Amino acid sequence: DFSITQFSYVGRLLLWHGRNSYNRCASLSQFIIHRGLIISVMQAIFSAVFFFVSISLYQGVLLIGYSSFFTMGPVFLLVLDVDVEAKIAMMYPELYKELQKGRVLSYKTFFMWILVSVYQGAAIMYLGILLFKEDFIHVIAITFTVLIVTELLMVVVTVRTWHWLMAVAQIFSLGCYFLALVFLPEYFDPDFLTSTNFLLKFVALTAASCLPLFIMKYLRKRFAPPIYAKLQQSG
């Protein structure tokens, strides 16, 4: 519930704060679904490789880190994302009307996120197994590293206007993961992580997982930009 002292405040409450709240909730909720589904797809593929034996791909410490220190900051800070400045939102009330068309949060956007999750999870897991079939003991290290970087890059794909806190959160998340690489040698082999073989295959897996989405975002922004992008450029 909101209480206002002047009726003129309703415009800003709806056109700026209300619109931002809707967009942020839509982005955050669908991203959290993506974050959980992608690791579930990887677990399903990993289990299928071992004839559906109940073997956990990542152990407790890694799962806790994945859902907290390694990814929580950048994902949560999507609540600070804005697509246009306040003056533009107040100048063009049509932007608020766009929300009623359901293009930000709909069955279409939901299934698009599902498709992205399935594709990325399958790409990371299948290619990880394929590239490391002769050195299968390192599959967990390489796939988990690619998974963390993929989630951080997906925040880059999702965010519309960068905030300095988002950059800090990205650096903090990567810092936490690098510390985990140092202090969790039972999960990560230091010699393997510093090898050229790991770096080359890490880049290949990350590119296969994220590059198509960056290309799609660029093409969409180039040839079919949303209304807010056009207004932001003209403003």
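The second largest pocket of this predicted model has a volume of about 160 Å³. A pocket is here an open set of points, on a 1 Å grid over the protein atoms alone, where a 1.4 Å probe fits, with protein on both sides within 12 Å along at least five of seven lines; lining residues have an atom within 4 Å of a point. Grid points are joined across faces, edges and corners, and the volume is the space filled by probe spheres set on the points. The lining of the second largest pocket consists of Thr145, Val149, Leu174, Tyr177, Phe178, Leu181, Leu193, Phe198, Leu199 and Phe202. Helices are DSSP runs (H or I, at least four residues) numbered from the N terminus. Nine lining residues are nonpolar, one is polar and none is charged; Ala, Val, Leu, Ile, Met, Phe, Trp, Tyr, Cys and Pro count as nonpolar, Asp, Glu, Lys and Arg as charged, and the others, Gly among them, as polar.

The volume of the largest pocket is about 1,600 Å³. Its lining is made up of 38 residues, and Arg103, Arg160, Arg220, Pro226 and Tyr228 lie nearest the centre. Two or more lining residues are given by each of helix H1 (9-49), helix H5 (94-99), helix H6 (107-131), helix H7 (139-158), helix H10 (196-223) and helix H11 (227-234). Among these, H6 gives the most, with seven residues. By class, the lining of the largest pocket comprises 20 nonpolar, nine polar and nine charged residues.

Residues are numbered from 1 along each chain as its sequence is written. Local features need pLDDT of at least 70 and side-chain atom pairs count only at pLDDT 80 or more, whereas totals for chains, interfaces and linings use all residues; side-chain values use heavy atoms, with hydrogens and water left out.

The Ser117 side chain reaches the backbone oxygen of Trp113 at 2.8 Å. Apart from neighbours within four places in sequence, Ser117 is in contact (heavy atoms within 4.5 Å) with His34, Leu37, Ile38 and Val41. Ser173 belongs to helix H8 and is likewise buried, at 0% relative accessible area. With neighbours within four places in sequence again left aside, the contacts of Ser173 are Phe69, Phe70, Thr71, Pro74 and Leu152.

Zero disulfides were found in a search of the whole structure, a disulfide being a pair of cysteine sulfur atoms within 2.5 Å. For Cys176, the closest cysteine sulfur is that of Cys210, and the separation of 20 Å is too far for a bond. Cys210 accordingly takes part in no disulfide, the sulfur of Cys176 being the nearest cysteine sulfur. Cys176 is buried, at 16% relative accessibility, and Cys210 is buried at 3%.

Met216, in helix H10, is partly exposed, with a relative accessibility of 47%. The C-alpha atom of Met216 is separated by 13 Å from that of Met154, which is 62 residues away along the chain.

How values were computed
A polar contact is a pair of N or O atoms within 3.5 Å; within protein, one must be able to donate a hydrogen and the other to accept it, and residues adjacent in sequence count only if both atoms are side-chain atoms. Buried means under 20% relative accessible area, exposed over 50%, partly exposed in between (1.4 Å probe, protein chains only).
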